[in-house]
Amino acid sequence: MRVVSLGMLFASAVALTSFAQAADNAAGKAKAEICAGCHGDNGISQTENIPSLAGQLDQFIQWQLVFFRAGARKNEQMQPIVEQLSNEDIRNLGAYFASLPPFKGGKDDNPDLSEKGKQAAAGRRCASCHGDTFAGTKAVARIAGQREEDLVKALHDYKSGVRSGGAQAAMADVAYPLSDEEITALAHYLAHL
């Protein structure tokens with residue numbers, strides 16, 4: 001079964017990278033209407049444990065959709081949606097969400113906790129993959145301004161091995177040694193950037 005999933009994932013990746021077509025933002029916006037129910041209007045989530053997609057990098061969005069579609073990343077709500085997406089839809093959605101302005105973290109109500117989170121980010125070298133401003137690079141997620149509880153959930157999922165599909169090994173290595181206090185502080189810091 002794993003060979004089949006990896007084969008489907010590889011085929012999807014080849015299909016995504018082999019087309020020279022430019023993405024169509026208007027088509028991506030139209031397709032994204034179904035995403036708004038969970039991920040919010042203009043890609044800004046208002047729902048607990050649902051990430052914002054606005055300002056996420058094009059490649060990151062595309063890869064996550066491929067991982068969901070191939071079954072390498074599992075989510076009951078996403079599965080029936082991504083099964084319907086063509087490679088062109090995935091390209092268009094990636095371009096559309098990347099074109100939107102990202103959510104800027106709100107006023108920091110706990111600067112001491114943010115300072116601890118900043119130290120945890122430096123100690124775990126988060127910037128080496130996510131960039132100095134944590135805006136992501138290529139297929140690595142933008143984590144600056146992301147929903148705080150979603151960051152906590154993602155770090156716990158990586159730490160426990162529940163989350164798979166892309167960057168699993170790197171993120172598991174980073175998240176596993178984090179204490180609950182470090183996870184809370186790191187998520188708070190990143191959410192308020």
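Which side chain does Arg124 meet in a salt bridge? Read on for the partner, in the second view. This is a predicted model, where local features need pLDDT of at least 70, side-chain atom pairs count only at pLDDT 80 or more, and totals for chains, interfaces and linings use all residues. Residues are numbered from 1 along each chain as its sequence is written, and side-chain values use heavy atoms, with hydrogens and water left out.

**View 1. Helix H4, residues 58–70.** Helices here are DSSP runs (H or I, at least four residues), numbered from the N terminus. Ten of the 13 residues of H4 are buried, so the rest of the structure largely encloses this helix. Buried means under 20% relative accessible area, exposed over 50%, and partly exposed in between (1.4 Å probe, protein chains only). Among the buried ones are Phe60, Phe67 and Phe68. Just past H4, Gly71 has a positive phi of about 85°.

**View 2. Arg124 and Glu182.** The partner is Glu182: the two side chains form a salt bridge (3.7 Å, N to O). Such a bridge puts a side-chain nitrogen of Lys or Arg within 4 Å of a carboxyl oxygen of Asp or Glu. Arg124 is partly exposed, at 27% relative accessible area, and Glu182 is partly exposed at 27% too.

**View 3. Asp89 and Lys31.** Here the side chains meet in a salt bridge at 3.6 Å, N to O. This pair ties together distant parts of the chain, with Asp89 in helix H6 and Lys31 in helix H2, 58 residues apart. Asp89 counts as buried at 16%, while Lys31 is partly exposed at 31%.

Terms used: Helices (H or I, at least four residues) and strands (E, at least two) are DSSP runs, numbered from the N terminus. The expected span of a helix is 1.5 Å times one less than its number of residues.
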